Each structure stands twice: as structure tokens, then as C-alpha cells.
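Here is a short tour for anyone who likes to check geometry against coordinates. Please keep the model open while you read.

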Amino acid sequence: MRPTTSLGIVGVVGALALDQASKMAVVANASTLSSGLPVLPGFNLVYHRNDGVTFGLLNGAPWWGLVLLATVICLWLIVLMLRTTERGEAVAYGMIIGGALGNVIDRIRLGSVTDFLDFYVRDLHWPAFNLADTAIFCGVALLLTWPGLKRIRTEQ
């Protein structure tokens, strides 16, 4: 197994484990978090179910359709992860796959995704999200910036 593949697998397992552990804690404390638990100014923990995707898009879509879509995308990303020779890309693919699988597990088990991170400014709340979403976002950001980061590293 290539070192890049190993790094990608670490990304998958890490993102998936953190996501599932955090969601288990949130579901176990759903009654406490249902009205929101202030953590810091501008940040609450909440218990929210989302049957759509990012920002509630595709609300009402059948859960199995979203599972099927995410599974196809994950299979494509696994191929890319196995083919890459770039460490950063492998980790990024792994984070995206792990995050997507975390949300797939929620949809299969519960029919929707558990969201709990609530950031706000005054009365304006960003849509609640979870660590799977964070892993996906960070993985995409890493994929988009990796060529530049690699170039900076080689120029030094």
C-alpha cells in the first residue's frame, strides 16, 4: 500500500470516528440541546435533524436517494484517493469520504442527519452543521489550495 493511500485512510477513519462520536454525544443529550446550549458568544450547541443537504437544500428528498448519491460520489473519490501520489490530496479525499460516510450512516440509521454546531451574530444564525460537514469543507479547501501549498513548499 502506498503511503498516500495510508494517509487517505487515516483521513477517512479520523473524520468518520470524530463525526460519529460527536453525533452520539449530541443524540444522547438531545433533550438538553433541543433549545440550544450557549458555549461561547456567537456559538451554541443545538440538536437539529436535517433531511436535506447543505443549508437544507433538497429537503424532503428521499433519504435513500441522498445515500445513493453520496455513495456514488464516495466511490469516485476512493478511486481518486487510490490514484493520487500527493499526500495532501490523499488526506483531503479521505476527509471528504469520511465526512460523507458519517452523514450516510446518519441517513441510514435515522433517516436524516444530526446537526449541532450553531454559529450566529445577534439574531442571524448560520445553518446548523456537524463535524462531517466540517471534514468535507476542510477536505475541499485542502484540495483547492494544495497546488499552491505545494508550490510554496518547493520554492522555499
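## A tour of the predicted chain

Arg-122 is exposed, with a relative accessible area of 76% (exposed means over 50%, buried under 20% and partly exposed in between, with a 1.4 Å probe and protein chains only). Before going on, please note that this is a predicted model, in which local features need pLDDT of at least 70 and side-chain atom pairs count only at pLDDT 80 or more, while totals for chains, interfaces and linings use all residues. Residues are numbered from 1 along each chain as its sequence is written, and side-chain values use heavy atoms, with hydrogens and water left out.

Back to Arg-122, which sits in the loop between E3 and E4. Its phi is near 55°, a positive value in a residue other than glycine. The hairpin of E3 and E4 that holds Arg-122 has 2 residues between the strands.

### The chain as a whole

The secondary structure comes to 5 helices and 4 strands; helices (H or I, at least four residues) and strands (E, at least two) are DSSP runs, numbered from the N terminus. Read from the N terminus on, the elements run α-α-β-β-α-α-β-β-α. The C-alpha trace spans about 50 × 35 × 25 Å along its principal axes. Of the 156 residues, 37% count as buried.

### The sheet

The 4 strands form an open sheet in the order E1-E2-E3-E4, with antiparallel pairing. Strand E1 (37–40) and E4 stand at the edges with a single partner strand each, so one side of each has no neighbour in the sheet. Two strands are taken to pair if DSSP finds at least two bridges between them. In general, strands of a sheet pair through backbone hydrogen bonds, either parallel or antiparallel.

E2 and E3 are joined in the antiparallel sense over 6 bridges, and Leu-45 stands opposite Leu-117 in E3. The antiparallel pairing of E3 and E4 runs over 2 bridges. There, Tyr-120 has His-125 in E4 as its bridge partner, and Val-121 has Leu-124 in E4.

### The aromatic cluster

How many aromatic pairs does a search of the whole structure find? The search finds 2. The rings of Phe-43 and Phe-119 form a stacked pair, because their centres are 4.6 Å apart and their planes stand at 25°. For reference, rings of Phe, Tyr and Trp (its six-membered ring) pair if their centres lie within 6.5 Å; planes under 30 degrees apart count as stacked, over 60 as edge-to-face and the rest as tilted. This pair links distant parts of the chain, with Phe-43 in strand E2 (residues 43–50) and Phe-119 in strand E3 (residues 113–121), 76 residues apart.

The rings of Phe-119 and Phe-129 are stacked too, because their centres are 5.9 Å apart and their planes stand at 15°. Phe-119 lies in strand E3, and Phe-129 in the loop between strand E4 (124–125) and helix H5 (131–155), so this pair ties together parts that are 10 residues apart in sequence. Phe-43, Phe-119 and Phe-129 form one aromatic cluster. The table gives the accessibility of its members.

| Residue | Relative accessible area | Class |
|---|---|---|
| Phe-43 | 13% | buried |
| Phe-119 | 38% | partly exposed |
| Phe-129 | 19% | buried |

### Helices H1 and H4

At what angle do helix H1 (residues 3–28) and helix H4 (residues 87–110) pack? The angle is about 35°, with the axes 7 Å apart. Axes here are lines fitted to C-alpha atoms, for helices over the stretch in contact, and angles run from 0 to 180 degrees between N-to-C directions. The crossing of H1 and H4 is right-handed, a label used if the near helix is turned clockwise from the far one by less than a right angle, and left-handed if anticlockwise. The residues of the contact of H1 with H4 divide into 10 nonpolar, 9 polar and 5 charged (Ala, Val, Leu, Ile, Met, Phe, Trp, Tyr, Cys and Pro count as nonpolar, Asp, Glu, Lys and Arg as charged, and the others, Gly among them, as polar).

H4 has 24 residues and reaches 34 Å from its first C-alpha to its last, close to the 34 Å expected at 1.5 Å a residue; the expected span is 1.5 Å times one less than the number of residues. After H4 comes Gly-111, whose phi is positive, near 85°.

Helix H1 includes Ile-9, which is partly exposed at a relative accessible area of 36%. The C-alpha atoms of Ile-9 and Arg-109 are separated by 23 Å, and the two residues are 100 residues apart along the chain.
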